[in-house]
Every structure is written in structure tokens, then in C-alpha cells.
Amino acid sequence: MSQGKSIFTVFILFFFVNSAFSAHHMVSEQLPEAEGQALIDYVTKTNNYQNWPLWPGTNKLYEGQHPHGSFLTTYVNKLAFEAIEGRAGTLPKGSVVVKENYSSEKKLTAVTVMYKKPGFNPEAGDWFWLKFTPDSRIEKQGTVGGCIGCHRSVKTNDWLFTGPVR
Ligand code: HEC
């Protein structure tokens, strides 16, 4: 190999390895910790949920039921959307479901979130639970007994109510 060629090869290799590393870095950067404030920042700033698709087959402000509010809008990130559409059975690592809870006057009262974090809580689908107010105050987070107790009735559907995932 000529010297020119081998320098070129090293150069290409460097780029390849470097971009593989930064791609990996980007992926790990994209997923927040299982912690309330980090998750709020993620869904409101880093990757604003209002730009996500709605849960397949739902519209904005559909009628909901207790305890989530009279009207609901449910957003899912891309990972979750694809798994639901493909009836994957369970949602993959990094899936996020964000539900806006509205009063009967259609005023936003709370945002409830489920975030799939492998290893976080294997007994309950590895979901991290979060509830925050429209001004981003955390009301509940983590392994929340109330959320889990009720969602348990749909644990064969990966603890999700809104539609079938299998
Ligand atoms: C008494 C039962 C009950 C409790 C308690 C409850 N949920 Fe739900 N949740 C539901 C039902 C039912 C739905 C389906 C939408 C609807 O009609 O309200 C739902 C839907 C959701 C969704 C959309 C994904 C899905 O499962 O379809 C999220 C996210 C969610 N709940 C988060 C929470 C969080 C966070 C808590 C605790 C702070 C909580 N829920 C407590 C019954 C409950």
C-alpha cells in the first residue's frame, strides 16, 4: 500500500470509529434518568412531547374517566408508537407515554407519564411513574403505589389502558 493510501485508510477508520462512538453517546444522552425532574426536562425541553404522535387511534381531548380527568390527550414517543402499531406485546426500553389530563371545562390540570426504564421496577413492568402540574411541579414520581395498584388490572397489556399493545 502506498503511504498516501494508508494515511487515507487510517483517516477513514478514525472517522468511522469516532462516529460510531458519538452515535452511541447520542443515544445514551437521549434517555433521561428515572428521576422526576430529569423526565420533566426531557419531555418538555429535550424532546417536547407536544411534537409526538398521539396514541394510535386517539384524538386530542377525547373523553376520559376518573381519576385522569374528563378529557384526555395521550402522546407517545416514536419508540412507543412503533411498538403499539406493531403490537409488540410490550413497549421497549425508552418508551414514554404522556397523558394530558383536562377538567370538564377543558383546562389542563395535570400531566401523567409512564417511562419504561429496564431494571427500574421489574415487578411492575419496569415503568417509572410521574405526575406533574401544568407549572411543572412534581406531585408523584417513581414507584407510585396508587398508579401501579390501578394499572395492575391491565398488566397483561404492559400495564397500559388506552389500547391493545399485543
Ligand atoms: C383508579 C385507576 C387509575 C389510577 C389510580 C391511575 N391510572 Fe393511569 N390510567 C387509568 C385509566 C383507566 C387509563 C386509560 C385512560 C382513561 O380512560 O382514563 C389510564 C391511562 C394512563 C396513561 C396512558 C397510558 C395508558 O395506560 O393507557 C398514563 C401515562 C397513566 N395512566 C399514568 C398514570 C399515573 C402516573 C398514575 C399515578 C399518578 C396513574 N396513571 C394512576 C387508570 C388509573
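A quick word on names before we click anything: helices (H or I, at least four residues) and strands (E, at least two) are DSSP runs, numbered from the N terminus. Residues are numbered from 1 along each chain as its sequence is written. What you see is a predicted model, where local features need pLDDT of at least 70 and side-chain atom pairs count only at pLDDT 80 or more, while totals for chains, interfaces and linings use all residues.

**The whole chain**

Start with a cartoon view. Of the 166 residues, 28% count as buried. Here, buried means that 20 or more other C-beta atoms lie within 10 Å of a residue's own; exposed means 12 or fewer, partly exposed is in between, and C-beta atoms are placed from the backbone.

**The sheet**

Now colour the strands. In what order do the 6 strands line up in the sheet? They form an open sheet ordered S1-S2-S3-S4-S5-S6, with antiparallel pairing. Two strands count as paired if DSSP finds at least two bridges between them. At the edges sit S1 (62-63) and S6, each pairing on one side only. As background, strands of a sheet pair through backbone hydrogen bonds, either parallel or antiparallel.

Select S3 (96-102) next. Because 6 of its 7 residues are buried, S3 is largely enclosed by the rest of the structure. On one side, S2 and S3 pair in the antiparallel sense over 6 bridges. Show Thr74 and you'll find it opposite Lys99 in S3; Phe71 stands opposite Tyr102, also in S3. S3 is also joined to S4 by 7 bridges, again antiparallel, and here Val98 stands opposite Val113 in S4. S3 and S4 make a hairpin with 5 residues between them, and Lys106 in the turn has a positive phi of about 60°.

Slide along to S5 (127-132) and S6 (138-142). These two run antiparallel and are joined by 4 bridges; pick Trp129, and its bridge partner in S6 is Gly142. They too form a hairpin with 5 residues between them, where Ser136 in the turn has a positive phi of about 65°.

While you're there, click Pro134 in the loop between S5 and S6. Is Pro134 buried or exposed? It is exposed, with 12 other C-beta atoms within 10 Å. Try the distance tool from Pro134 to Asn101: they are 33 residues apart in sequence and 9.8 Å apart in space, C-alpha to C-alpha.

**Helix H2**

Select residues 36-46, which make up H2; its buried residues are Gly36, Leu39, Tyr42 and Val43. Look down the axis of H2: the buried residues fall within an arc of 130°, so they line one face of the helix. (The arc is that of the directions from the helix axis to the C-beta atoms.) On the other side, Lys45 and Thr46 are exposed. The buried residues of H2 pack against S3, S4, S5 and S6.

**Helix H3**

Jump to residues 78-85, helix H3, whose buried residues are Ala80, Ala83 and Ile84. Seen down the axis of H3, they fall within an arc of 100°, so they line one face of the helix. Their cover includes S2 and S3.

Also in H3 is Leu79, which counts as partly exposed with 17 C-beta neighbours inside 10 Å. Not counting residues up to four places away in sequence, Leu79 touches Pro92, Gly94 and Ser95; a contact means that two C-beta atoms, placed from the backbone, lie within 7 Å. After H3 comes Arg87, with a positive phi near 50°.

**The ligand**

Last stop: show the ligand. How many residues surround it? There are 23, and the closest are Thr112, Cys147, Cys150, Phe161 and Thr162. A residue belongs to this group if its C-beta atom, placed from the backbone, lies within 6 Å of the molecule. Two or more residues of the shell come from each of S2 (71-76), S3, S4, S5 and helix H4 (145-151). H4 gives the most, with 4 residues.

Colour the shell by class, and you'll get 12 nonpolar, 8 polar and 3 charged residues. For that count, Ala, Val, Leu, Ile, Met, Phe, Trp, Tyr, Cys and Pro are nonpolar, Asp, Glu, Lys and Arg are charged, and the others, Gly among them, are polar.
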